[in-house]
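Take a walk through this chain, one stop at a time. Keep the sequence and the 3D view side by side.

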Amino acid sequence: MITMTIDKPHMNMINQTLKALPVKVQRNGMRKVMRRFTAAIRNKARTNAPVRTKRLRKSITNKVSIRYSSGVITGRVLVDSSKHGVHYGHLLEWGTPPHGKHPGNAGTRYMTRAFEELGTQEDFRGFFVPTMAEEFRKLGIKVPFGFDKL
């Protein structure tokens, strides 16, 4: 599992900004931010994925979930094996050892590279600020001063 953390000063500023909003706006805004961010990583993983039949690329998907009790928002980018019958995504990601007459495979790290290229704190901020500012404008809420400096 790949995890991204946001440093404490930025998280405090984000929390202060969000606390001033209704809970529904907080959840919808953060869900939209996470959906856009994971979609960008998903698209990069699709680009990085090896192509033979295009089934692997089509099966790479992103999902966002919210635990309402704790307020935790989780974004995942994964190979959905139920789509297109792809059950070998992990083998192409991590490789296989030699076995029998098969020489093995070194692995392509298509998912890891996508996250490393787009999964930084700065990249997340690049999605967070414009998406939340868009949500503020939609609701007629003035964008808080200094919000674009997050």
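Start with Thr 61. This residue is buried, because its relative accessible area is 9% and the cut-off for buried is under 20%. Thr 61 sits in strand β1. Leaving out residues up to four places away in sequence, Thr 61 touches Arg 42, Arg 76, Val 77, Leu 78, Asp 80 and Lys 83.

A word on confidence comes next. The model is predicted. Its average pLDDT is 81, and 83% of the residues score at least 70. Among the elements, helix α3 (residues 55-59) has the highest mean pLDDT, 92. Helix α1 (residues 8-19) has the lowest, 68. Where pLDDT is low, predicted coordinates should not be read in detail.

Now move to helix α5. Its buried residues are Tyr 110, Met 111, Thr 112, Ala 114 and Phe 115. They pack against several elements: α2 (23-48), α3, β1 (60-67), β2 (72-79) and α4 (89-94).

Is Glu 116 buried or exposed? Glu 116 also belongs to α5, which spans residues 110-118. Its relative accessibility is 57%, so Glu 116 counts as exposed; the cut-off for exposed is over 50%. Glu 116 lies 75 residues from Ile 41 in sequence. In space, their C-alpha atoms are 9.3 Å apart.

Return to Tyr 110, one of the buried residues of α5. Set aside its neighbours within four places in sequence. Tyr 110 is then in contact with Ala 45, Asn 48, Ala 49, Pro 50, Leu 56, Ile 60, Val 79, Gly 89, Leu 92 and Glu 93.

In soluble globular proteins, nonpolar side chains tend to be buried together.

The last stop is a pocket. The second largest pocket has a volume of about 160 Å³. Which residues line the second largest pocket? They are Pro 50, Val 51, Arg 52, Thr 53, Lys 54, Arg 55, Leu 56, Tyr 88 and Leu 92. By type, the lining divides into 5 nonpolar, 1 polar and 3 charged residues. Pro 50, Leu 56 and Leu 92 belong to this lining, and each is also in contact with Tyr 110.

Methods. Residues are numbered from 1 along each chain as its sequence is written. This is a predicted model: local features need pLDDT of at least 70, side-chain atom pairs count only at pLDDT 80 or more; totals for chains, interfaces and linings use all residues. Side-chain values use heavy atoms; hydrogens and water are left out. On a 1 Å grid over the protein atoms alone, a cavity is a set of points where a 1.4 Å probe fits but cannot get out, and a pocket is an open set with protein on both sides within 12 Å along at least five of seven lines; lining residues have an atom within 4 Å of a point. Grid points are joined across faces, edges and corners, and a volume is the space filled by probe spheres set on the points. Ala, Val, Leu, Ile, Met, Phe, Trp, Tyr, Cys and Pro count as nonpolar, Asp, Glu, Lys and Arg as charged, and the others, Gly among them, as polar. pLDDT is the predictor's confidence in each residue, from 0 to 100. Helices (H or I, at least four residues) and strands (E, at least two) are DSSP runs, numbered from the N terminus. Buried means under 20% relative accessible area, exposed over 50%, partly exposed in between (1.4 Å probe, protein chains only). Contact means heavy atoms within 4.5 Å.
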